[in-house]
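Hello,

Here is the structure I promised to pass on. Please have a look at it first; my notes follow below.

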Amino acid sequence: MGTVQNSRRSDRLSVVFAVRVIEGGEEGFLEMYDKLRKSVAGTPGHIVERLGEPVDDSRQWVITSEWETPEHFFAWQQSEDHRALVAPLREWVDSTQSLRFRVVKETVKETS
């Protein structure tokens, strides 16, 4: 099994959003995330959304998304719909960190 490395620079944007869920707030957080996930799925330029659950006791969850271009992401992020959608999510988290980066290399499984 090998890998193929795509070294062509891309316009795609990856976003990593780390949130620390308040103690006992996992259920509320997951309910609000589900609404967010369903809404963002239909957003122009959105490619994929993933939710990562902590495997330790850190309460640190990670939401990753990929967008066709940074402009698609920023248009969604700056919209009134986005602000209204994420406002209730803040009730369930006590800290956040957002990282955004352009995809410059990618390794994918080789298909046979």
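Rings of Phe, Tyr and Trp (its six-membered ring) count as a pair if their centres lie within 6.5 Å; planes under 30 degrees apart are stacked, over 60 edge-to-face, and the rest tilted. By this rule there are five aromatic pairs. One of them joins Phe 73 and Phe 74. This pair is edge-to-face, at 5.1 Å centre to centre and 70° between the planes.

Phe 73 also pairs with Trp 76. Here the rings are tilted, at 6.3 Å and 50°. The two residues sit three apart in helix 2 (residues 70–77), so about one helical turn separates them. Ring pairs link Trp 67, Phe 73, Phe 74 and Trp 76 into a cluster.

A word on origin: this is a predicted model, where local features need pLDDT of at least 70, side-chain atom pairs need pLDDT 80 or more, and totals for chains, interfaces and linings use all residues. Residues are numbered from 1 along each chain as its sequence is written, and side-chain values use heavy atoms, without hydrogens or water.

Next, burial. Buried means under 20% relative accessible area, exposed over 50%, and partly exposed in between (1.4 Å probe, protein chains only). Phe 73 is buried at 4%. Trp 76 is buried too. Phe 74 is partly exposed at 28%.

Last, Thr 69. Thr 69 lies in the loop between strand 4 (60–67) and helix 2; helices (H or I, at least four residues) and strands (E, at least two) are DSSP runs, numbered from the N terminus. Thr 69 is buried, at 18%.

Best wishes
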